[in-house]
Amino acid sequence: MKLFFSVSVILLFLFPFLLLNATEPEVKENRPFIRIGFYNTENYFDPFTDTLSDYHEFDPGGIRHWDMARYRIKQQHIFKVIAAMGGWHGMDVMAFAEIENRFVLEDLLKNTPLRREDYGIVHFESPDHRGIDVGMIYRKNVFHLLCSEAIPVRDTAGKIMRTRDILYVKGRVGTDTLHLFINHWPSRYGGLMTTVYKRIQAAKALIRVVDSVYQRRPEARILIMGDFNESLKDSGLQRVLQDADGGALVALASHADFGLAGGTIRGMSGWSIFDRFLCSKNLLNPAGRMWVYDKSFHIFDAAFLLERDNKNMGQKPDRTYNGFAYHGGFSDHLPVYVNVAFENPGK
């Protein structure tokens, strides 16, 4: 807590544009809460050669010209996002997509002011063809890790697909247990209709593991997050909402913190919300032991994460790369987060 107070003050003086028109999201209730975020970091690769991978665009000397200087800029950008999005409270759990390996998370916690906090890491290597994974950091004094598992996505023949695993993490918060599922579903690269079956397979994998949790714990509190590469009307997310334990999940409503963006990613057709939260219905009950404030999640659309969109008017995410050209920005996605209230174990 003290760290993020200090960081926020520093950012206020050194990066005034970060907090332009910013207000701390209001939490009116008097219960403690945990702030959980998700961020597709857009190619958070380390600057070293990976001899075990056949993907070398981000190796030293690769066509992306990725090096230590660019890597350190990227690392500082990710830290700024965590510090600014956490505000006075700080980020208790922060999940990521498009990280290369455990090293980049360890280095983030070692070589930024996050080192002053007692964060743990959850990460598994995935079979993704580019070598990118999902992962998570968490405050050990708030989220008490119980177990974690990588859930593979399989094709219709049962073979593991070369895409990101779904990360399942169970932890104790206050007096209750929270089940987290972190997703980065297959992209639309190659065409929407030719790739939709891959996301349907990811949806099926998620449904199976969610159903297995419900079979053991019908009252389980479940929070699902990620970059789904889909909007709510698309096939994979519709299947999850309809099929998981007979419709036990709901999609949280979204709102932009600063009103500068209409979604989490912007393409030629405009803004879309590919990054979002789903949850079990019992997390919408404010009379329960654990619940989501305002029944919604936040799109953190601070001005420093955006730039002018000269082609389509308005704003767009300030990217690290535009195609193969280095741009030096943050990410092509905006981060999202949710506040989850819980019972104070001391009462």
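## Terms and model

Buried here means under 20% relative accessible area, exposed means over 50%, and partly exposed is what lies in between (1.4 Å probe, protein chains only). Helices (H or I, at least four residues) and strands (E, at least two) are DSSP runs, numbered from the N terminus.

This is a predicted model, in which local features need pLDDT of at least 70 and side-chain atom pairs count only at pLDDT 80 or more, while totals for chains, interfaces and linings use all residues. Residues are numbered from 1 along each chain as its sequence is written, and side-chain values use heavy atoms, with hydrogens and water left out.

## Helix α3 and its surroundings

Let us start with helix α3, which spans residues 102-110 and has Val104, Leu105, Asp107, Leu108 and Leu109 as its buried residues. These buried residues pack against β1, α2, β2 (93-99), β3 (119-123) and β4 (133-139), where contact means heavy atoms within 4.5 Å.

The N-terminal end of α3 is capped by asparagine 101, with a side-chain oxygen 3.2 Å from the backbone nitrogen of phenylalanine 103. That is a polar contact: a pair of N or O atoms within 3.5 Å; within protein, one must be able to donate a hydrogen and the other to accept it, and residues adjacent in sequence count only if both atoms are side-chain atoms. Within α3, arginine 102 and glutamate 106 sit four residues apart, about one turn of the helix, and their side chains meet in a salt bridge at 3.0 Å, N to O. Arginine 102 is partly exposed at 35% relative accessibility, and glutamate 106 is partly exposed at 37%.

## Strand β1

Strand β1 covers residues 33-44 and holds asparagine 40, which counts as buried because its relative accessibility is 0%. The side chain of asparagine 40 reaches the backbone nitrogen of glutamate 42 at 3.1 Å. Leaving aside residues up to four places away in sequence, asparagine 40 touches Ala97, Glu98, His184, Asp227, Asp275, Ser331 and His333.

Most residues other than glycine have a negative phi. Asparagine 43 is buried, with a relative accessible area of 7%. Histidine 65 also has a positive phi, about 55°, although it is not a glycine. Histidine 65 lies in the loop between β1 and α2 and is exposed, with a relative accessible area of 54%.

Methionine 225 belongs to strand β8 (residues 221-227) and is buried, at 0% relative accessibility. Among the residues it touches, beyond those up to four places away in sequence, are Ile36, Phe38, Leu180 and Phe277.

Methionine 68 is in helix α2 (residues 68-86) and is partly exposed, with a relative accessible area of 37%. Together with Phe48 and Phe103, Met68 forms a nonpolar surface patch with about 250 Å² of accessible area. Patches are made of residues with over 30% relative accessible area and no salt bridge, with like charges joined within 9 Å and nonpolar side chains (Val, Leu, Ile, Met, Phe, Trp, Tyr) within 5 Å; the areas come from the Shrake-Rupley method with a 1.4 Å probe, and for residues only the protein chains shown count as cover.

## Aromatic pairs

The structure holds 17 aromatic pairs. Rings of Phe, Tyr and Trp (its six-membered ring) pair if their centres lie within 6.5 Å; planes under 30 degrees apart count as stacked, over 60 as edge-to-face and the rest as tilted. Tyrosine 44 and tyrosine 71 have ring centres 6.0 Å apart and planes at 20°, so this pair is stacked. Tyrosine 44 lies in β1 and tyrosine 71 in α2, so the pair ties together parts 27 residues apart in sequence, and both tyrosines are buried.

Tryptophan 291 and tyrosine 293 form an edge-to-face pair, 5.0 Å centre to centre with 70° between the planes; both are buried. Ring pairs also link Phe45, Tyr55, Phe58, Trp66, Tyr321 and Tyr326 into a cluster.

## Salt bridges

A salt bridge is a side-chain nitrogen of Lys or Arg within 4 Å of a carboxyl oxygen of Asp or Glu, and the count comes to 16. One of them joins aspartate 118 and lysine 140, whose closest N and O atoms are 3.7 Å apart. This pair links distant parts of the chain, with aspartate 118 in the loop between α3 and β3 and lysine 140 in the loop between β4 and β5 (144-151), 22 residues apart.

The side chains of aspartate 128 and arginine 164 meet at 2.8 Å, N to O, and both residues are buried. Finally, Asp92, Glu117 and Arg139 are linked in a network of salt bridges.
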